[in-house]
Amino acid sequence: MRKHETEVLVVGGGATGTGVLRDLAMRGFDATLVEQRDLTHGTTGRFHGLLHSGGRYVVKDPEAAVECIEENRVLRRIMPHCIEDTSGFFVVTPWDDEDFIPDFLAGCRAAGIPTAEIPVAEALRREPLLNPGISHCFEVPDASADAFLATQATVESARQHGATAFPYHEVRTLIRSGDRVVGARCRDLVGGEDVVITADLVINATGAWAGRIAASVGIDFVVQAGKGTMVAINHRMLNTVVNRCKMPADGDIIVPIRTVAVIGTTDEGVPDPERFSVEPWEVQLMLEEGEKLVPGISGMRVLRAWAGVRPLYQEEAAEDTRDVTRAYALLDHAARDGVEGFLTITGGKWGTFRQMAEVTVDSACRKLGVDRACRTHLEELPDRRNREGYHWLGERLARIEKEEDYGDLVCECELATRADVVRAIHEGDARTIDDVRRDVRLGMGPCQGGWCLPRVAGLLHEVRRSPVVDANVALREFLQERWKGLLPVVWGRQLHQARLDDLIFRSLLHVGALPGPASSPLGPVMYERPTDETTVEAAPTRTPHHATEPVVAGVDRDVVVVGGGLGGLSAAWHATLAGASTVVVTKGLGSLIWHTGCVDVLGYLAGFDEPVESPAAALDRLPADHPYAIVGRDALSRAIAGFRTLTEDGGYPLEGSLESNHLLPTALGAARPTCLAPSTMTAGDLRRRDPMLIVGLEGFSDLYPRMVAHNLNALGIPARGVSIDVPTVRRRRFVTATILASFFEREAFRSEVIDALARTGENASRIGFPAVLGLDRAPEVVADLSQRLGAEVFEIPTLPPSVPGIRLQNILRRAIGARGGKVLDNVEAVGIDAAGQSGISVITEAAARRQRFRGHSVVLATGGILGGGIFGSSDGRLSETVAGIEVSDVGSRLDWFGRRVGEYHPVFQAGVETSSDLRPRAGSPHPNVFVAGGLLAGADPIREGSLEGIALATGYAAGAAAASVATSRVAS
Amino acid sequence: MTQASRPIGVVPVEATLDNCIKCNICVTACPVAPVTDLFPGPKYEGPQAGRFRHDSQPSPDRSVDYCSGCRMCNEVCPTGVRIAEINARARAAMVADGAFGRRARLRNNLLARPLILGDLGAPAPGLVNWLFSFAPTRWMAEKLFAIDRRAPLPLYDGPRFRRWFASRPAVGGKAGTIVYFTACSTEHYETRVGRATVRLLEHLGFQVIVPEARCCGLPLLSNGEFPAARRYHRANVDSLIAHARAGRAIVGTSTSCTLTLKEEAPDLLDVHDDDSSLVAAHTFDIHEFLLGLAAEGALTGMQPLPMRLPYHPPCQYRAHRLGIPATEVMRLVPDLEVVESGVGCCGIAGTYAYKTEKYQIGMDVGRPLFEFVAREGAPVVACDSETCRWQITHGTGVPAIHPVEIVAAALGVEVEGPLADALRPLY
């Protein structure tokens, strides 16, 4: 047990608590703050980011409005770098009552809020996406604020004035001695010890948790937890805060903050500030109301939804939480409850935190018998990074551009650099990835951590030098935290993204198989699964590029294949082998470029955590509707054999057989089963126990060799990790996997690599590199490195793009071309026309028109949710995107997903059900349509590790069937 | 992401950034990022940086100017992010914000007005050709305007195309009337392409009209000079709209001009009025049009051309998203073996590699194509886009022709220049 003495103890590390800490410190008190998790973990980190002008409250709560505008002015002065001067509109939409206007204007006047009516045309010029049907627009000094940054800066200022802050110190109970609160008993979650803090005065600044803290010393009062749900849209369609000009209500505001626009908010009383869910009806309501301000907003990409709990204090519990005053309350428990040494400050809004702190510390001074004036409104907050006034949307991009830091990006969505992350870990003492997120704003963009998470985990491990399981747990916890925010809004593009992230974390990196527990005591609290059954209305889904296009003649072939992934390419290759003239139309490149470049046939059976050792033996245990069961073991064997021959002839042999899986290391060091692997990877097989050295390249952020090695150690493999500094890489401002692959094809570059490795003094009998060892000549590159290093060199697949995947794609494309087939990129199929006399046509999208590709048979290989062949809309409908063929039923949107990110998610098993010849069972536009690859129902290929096997086997079967139908027709 | 004139259902190019799933496929396709680290790549510039831009804010950009606009990224994107267009608009915002100095603006505006430049020199083509080939002049142009002295400036190849066209007797068309939208290069520098096209279409029974036309505006668009591009596009639409209303096909032999009329100008400039859309709907690449004739059985009588022809489909052609119609039409020529380059961009990217700071990038981008052409060793190489042809010839020394010349030759229509030279030994 640790002991700590302080003059004043502040409980709660949100805006209010840190504000109090700073004020105390500036007035010369010895002050200490404890927070149960990281700073801003509570409500401060979970609001929409509005710095109120007060306009919102002028009619309802004039007292709060005055506080708002006063503090608005102060905060703009002392922390401009945390504020974006967006300005704010109050607009009267067709749904709003114009009678409110005089009250609004009178209220603004009374509160001293500068307000100007601006012409609607001017408002629309400034915000072109605003509802053109608005009748009035009033401008007020609203702004948006970065509460994470503001809290950090506040604590930094407090520290500079001598204060202490202990995050991850959970108060278990306050300590009461007679009629006095004398401190708190805490648990240090990081150090794993109890801490007793004694103090002359304890200030309870725990917001919605305030009642709970006070109850620990027998003091009873009610702080209602008012849950506010918010929805973030992927981009800032507005640059001004836009409010509805009416009495406060749900969904009446859109706040542009940093890179997103947030629609807020609901207000629901919840019994427990740590146990609540975001319900579908709330998301729907936000989008419906948002639609009134910005028509079309509900069709934009929704990034995530979350909720915070407002602390709403009043002496008597209210019926509707909106009726509770937004003004704050300072409770002196000596006067109220006869308990000395204890103050509670609660209620209020983020924007008034400084004023709340001021009145609290004024009271503290009186209690402690001193007279010291507040100066928090006079002194600017410190900041290490920026002294140029208000922040603005383009600031990070401008900084990256100016400093040419783009090669150093860790979070590509939010443009956070390696230096930012390292600073957060060093200076911010970040323990979890969520701590890093709050500090540098990361993992909050479209991919919700897809790319930055493994990088941050790797950096956390490298910088902190803590046990690797800490990084593993941090990674898993953050994934779960993001999943929580995604669950209410996973449809459309976010569903596509979730599937790609699933490919990365579940399969490519095998995060679930990393050693260590699933969660730690440091993990975030607050999660419940949605319970409500309301489904969200369909948002506009796919908008055709041009409304009406003429259709022009394209290419006539025997077989038209839709989709350029492994399923489509192998179907096309087999069709050409069968003598059919074949064309592939593909919107873009397929999932080969996202995965390992190995051939997974079957890695896991449902219900088993242990990997399958022999795919051949496990095949019998698959259900009858599994794609393998549909096409038969024979088709699988032939497809695999054919592909092995093809790659061998292409000088890039795949090794292995259906009889046994390799067990290869992932880029985080987990063991991953796969059936066929290129010869460039197989020396990394973990069924062998001989030592290995993992080599990363400085400047290439997708492999952290020490993290890989330490995780392998946990599997019992002697491994070491080392990063090498290669001059050619260092000279470039950025490198990508494909750029490195081209470097490795040069003999001189390989010499540099060998020299750099020699300088480290590390060696082993087998050496693993990121999978960038050449593009067209990888086996030669690996052989040369092996020979010169005197070791078996192998590759480890990294985050997309996958160089090994590109190699396989190139081999297949060449094979198709060599047999007269064509692959047409950038040609998106939008329909199938079966009405014509002569066969069947695939209709594609083109500039200014549509085009017709005529054939005798069609193979649909559009890849399911991962490939974009299945679209999930917000109403829970799953549709096949080309021909509208029926998709298997996986229940309503609430049934799509499990509660935890690593669980089984039924939606990922959705697809087109077929008969044994791969013709759709229902809804096919023409009998000669065949289905291959990820579009098929009956399997979750990422979960069971069968992505490439299913693509090859069904591609083979569908290609052959399509060719057979087409050529027999031609012959007759 | 603004402008009010966009009809419902047309998605502004920036809105497509919401489609990005960050998958990095575009990064593997970009030909510029691997050869210069002044350009961090398409994902960074397009969907990522796009979230940090807003019309009402200052432009935060610099490196986006190094996007060549080749659209290799768009081509491979599985979710339909219009990266190249997002980048083009970001560059226009830089221009509007004054991010470029006066010299760069002057240079860009010169390069972006090929027709005006061509018209200026047309009275004395011999003199201009001599000046353009004369090292000191090129050195001066580089010093004054930062136009690289090595870049492949075109030379006049005789009297302007329209003079030839006007000098001919009108030919009636039993198959109908076709509008030929000529490229600036056809007017001055590759008039033979225009002559071959007219002869070919007349051979097929069409009456050919060559209407008044300005430059399509693409060079202005790719230099971020949007207000001028808007004027050019408007003038062209006004000139073409009567033909579109009459249901006539408007064909072009420059894949970039036709793409601009079809899509680039409307989408980049947010010009989606009925006239502009109707003109777009009637605009065809020449081979797209010929392929339609072939589908109707109206393109017959092809004579054998026993030769192996290296062919590079230009980026602007692939951006039509039609596959490669020229290959399909050339497939109909007996004994002709067309070998597609299978590589990306030639590097010139319109006016991009004319600029001193970008010349070497363009040459490095084009290297795989140059190697392909050199490996083939054929007397000519075919490519549908003019500046690409000049770049290929610049990079390899091999004369470059338009595929329409091949089709014309196969139909027995008179061709001139390098193709005529190449065919002579065959007969």
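A residue is classed as buried if 20 or more other C-beta atoms lie within 10 Å of its own, as exposed if 12 or fewer do, and as partly exposed in between, with C-beta atoms placed from the backbone. By this criterion helix α16 of chain B is mostly covered, 7 of its 10 residues being buried. Helices (H or I, at least four residues) and strands (E, at least two) are DSSP runs numbered from the N terminus. The model is predicted: local features need pLDDT of at least 70 and side-chain atom pairs count only at pLDDT 80 or more, whereas totals for chains, interfaces and linings use all residues. Residues are numbered from 1 along each chain as its sequence is written, and chains are lettered from A and ligands numbered from 1 in the order in which they are written.

The buried residues of α16(B) are I286(B), H287(B), E288(B), F289(B), L290(B), L291(B) and A294(B). They pack against elements of both chains: β23 (551-556) of chain A, and α11 (191-203), β3, β4, α18 (325-330) and α21 (403-410) of chain B. Just after the helix, G297(B) adopts a positive phi of about 75°.

Two of these packing partners, β3(B) and β4(B), are themselves paired; strands are taken to pair if DSSP finds at least two bridges between them. Strand β3 (residues 249-252) of chain B is joined to β4 (residues 283-285) of chain B by 3 bridges in parallel, with V251(B) opposite F284(B). Strand β3(B) also pairs in the parallel sense with β1 (residues 176-181) of chain B, over 4 bridges. In that pairing, A249(B) is the bridge partner of I178(B).

At the interface, 59 residues of chain B are in contact with 64 residues of chain A, where contact requires C-beta atoms, placed from the backbone, to lie within 7 Å. On the chain B side, α1 (25-29), α2 (42-50), α3 (72-76), α14 (255-269), α15 (274-281) and α16 (286-295) each supply at least two residues. Helix α16(B) gives the most, with 4 residues. The chain B side comprises 26 nonpolar, 19 polar and 14 charged residues. Here Ala, Val, Leu, Ile, Met, Phe, Trp, Tyr, Cys and Pro count as nonpolar, Asp, Glu, Lys and Arg as charged, and the others, Gly among them, as polar.

Chain A contains 29 helices and 41 strands, and its C-alpha trace spans about 100 × 70 × 50 Å along the principal axes. Buried residues account for 62% of the 972 residues of chain A. Of the contacts in chain A with a separation of 6 or more, 74% are between residues 24 or more positions apart.

One open sheet of chain A has 3 strands in the order β3-β8-β4, with antiparallel pairing. Its edge strands, β3 (50-51) and β4 (83-84), each pair on one side only. Strand β4(A) and β8 (residues 143-145) of chain A share 2 bridges, and E84(A) has S144(A) as its bridge partner.

Elsewhere in chain A, L668(A) lies in the loop between β27 (662-665) and β28 (671-674). L668(A) counts as buried because it has 28 C-beta neighbours inside 10 Å. Apart from neighbours within four places in sequence, L668(A) is in contact with P454(A), L509(A), V511(A), L514(A), M707(A), V708(A) and N711(A). V631(A), 37 residues away in sequence, is 35 Å from L668(A), C-alpha to C-alpha.

Notes. Contact = placed C-beta atoms within 7 Å.
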